[in-house]
Amino acid sequence: MAAHMDQSLLQQKAALRAQMMKQIRQMTAEDRESFSDEICERVLEMTEWAEARTAVLFVPLPSEPMITPLKLDCDARHVSSVNIPQNPKTEQELHLPDTVDLILVPGLAFSEGRQRLGRGGGFFDRLLGGRASQAFKLGICFSFQIVDTMPSESHDAIMDAVVTESATIRA
């Protein structure tokens with residue numbers, strides 16, 4: 001029975017990933033840019049962002065929000081930041097600080113309950129469950145990537161907040 005449920009869960013996740021990728025492909029470059037700017041403005045207004053001394057950012061894939069303003073803000077405020085590459089292999093290659101105050105987390109979808117659906121590699125799940133477990137976990141995505149419910153497993157991390165171009169979802 002458990003194997004059957006796992007299979008169903010994997011199928012649900014795969015279907016949701018496919019649906020999100022389809023919607024992402026329909027987004028124009030202009031939309032991605034303007035939505036990304038809105039997302040960055042929302043993040044810059046957050047107390048958690050302003051108070052973070054160490055931040056983990058990511059190099060966005062073409063389907064993800066562009067976060068250059070956030071990197072520039074870290075540099076301007078002398079916040080120690082590490083960029084996660086587009087296809088990270090292991091945590092060791094990242095040279096993360098001993099403590100991470102805030103981590104920006106991309107995802108293909110997030111639920112209203114702040115659960116995340118990644119690309120299926122498990123890298124962020126491992127990082128969020130390990131080195132970055134005490135960090136403020138900030139999911140960022142476009143508003144159409146917010147879904148009512150999410151197929152999830154026990155190891156799936158829940159974000160502290162999720163920011164889109166039109167909303168900030170918190171506990």
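Select Phe 110 first: its bridge partner is Ile 146, in strand β7. Before moving on, note that this is a predicted model, in which local features need pLDDT of at least 70, side-chain atom pairs count only at pLDDT 80 or more, and totals for chains, interfaces and linings use all residues. Residues are numbered from 1 along each chain as its sequence is written, and side-chain values use heavy atoms, with hydrogens and water left out.

**Stop 1: the sheet**

Now widen the selection to β4, residues 109-111. Strands here are DSSP runs of E, at least two residues long, and helices are runs of H or I, at least four long; both are numbered from the N terminus. β4 and β7 run parallel, joined by 2 bridges. Two strands count as paired if DSSP finds at least two bridges between them.

The three strands make an open sheet in the order β5-β4-β7, and the pairing is mixed. Which strands stand at the edges? They are β5 (116-117) and β7 (146-147). Each has a single partner strand, so one side of each is left without a neighbour in the sheet.

**Stop 2: the aromatic rings**

Rings of Phe, Tyr and Trp (its six-membered ring) pair if their centres lie within 6.5 Å; planes under 30 degrees apart are stacked, over 60 edge-to-face, and the rest tilted. By this rule there are 3 aromatic pairs. Select Phe 35 and Phe 142. Their pair is tilted, at 6.1 Å centre to centre with 50° between the planes. Phe 35 sits in helix α2 (residues 29-44) and Phe 142 in the loop between β6 (136-140) and β7, so the pair ties together parts 107 residues apart in sequence.

Phe 142 and Phe 144 form a stacked pair, 6.1 Å centre to centre, with 15° between the planes. Phe 35, Phe 142 and Phe 144 form one aromatic cluster.

Buried means under 20% relative accessible area, exposed over 50%, and partly exposed in between (1.4 Å probe, protein chains only). Is Phe 142 buried or exposed? Phe 142 is buried, at 0% relative accessibility. Phe 35 is partly exposed at 22%. Phe 144 is partly exposed too, at 23%.

**Stop 3: the salt bridges**

A salt bridge here is a side-chain nitrogen of Lys or Arg within 4 Å of a carboxyl oxygen of Asp or Glu. The structure holds 6 of them.

Select Arg 119 and Glu 64. Their side chains meet in a salt bridge of 3.7 Å, N to O. This pair links distant parts of the chain, 55 residues apart. Arg 119 lies in the loop between β5 and α5 (123-129), and Glu 64 in the loop between β1 (54-58) and α4 (68-76). Arg 119 is partly exposed, with 39% relative accessible area. Glu 64 is buried, at 7%.

Go to helix α4 for the next pair. Lys 71 and Asp 75 both lie in this helix, 4 residues apart, about one turn. Their side chains form a salt bridge of 3.2 Å, N to O. Lys 71 is partly exposed at 25% relative accessible area, and Asp 75 is partly exposed at 40%.

Now pick Asp 73 and Arg 77. How far apart are their closest N and O atoms? The distance in this salt bridge is 2.9 Å. Asp 73 is buried, at 19% relative accessible area. Arg 77 is partly exposed, at 27%.

Finish by selecting Lys 13, Glu 153 and Asp 156. Salt bridges that share partners join these three residues into one network.
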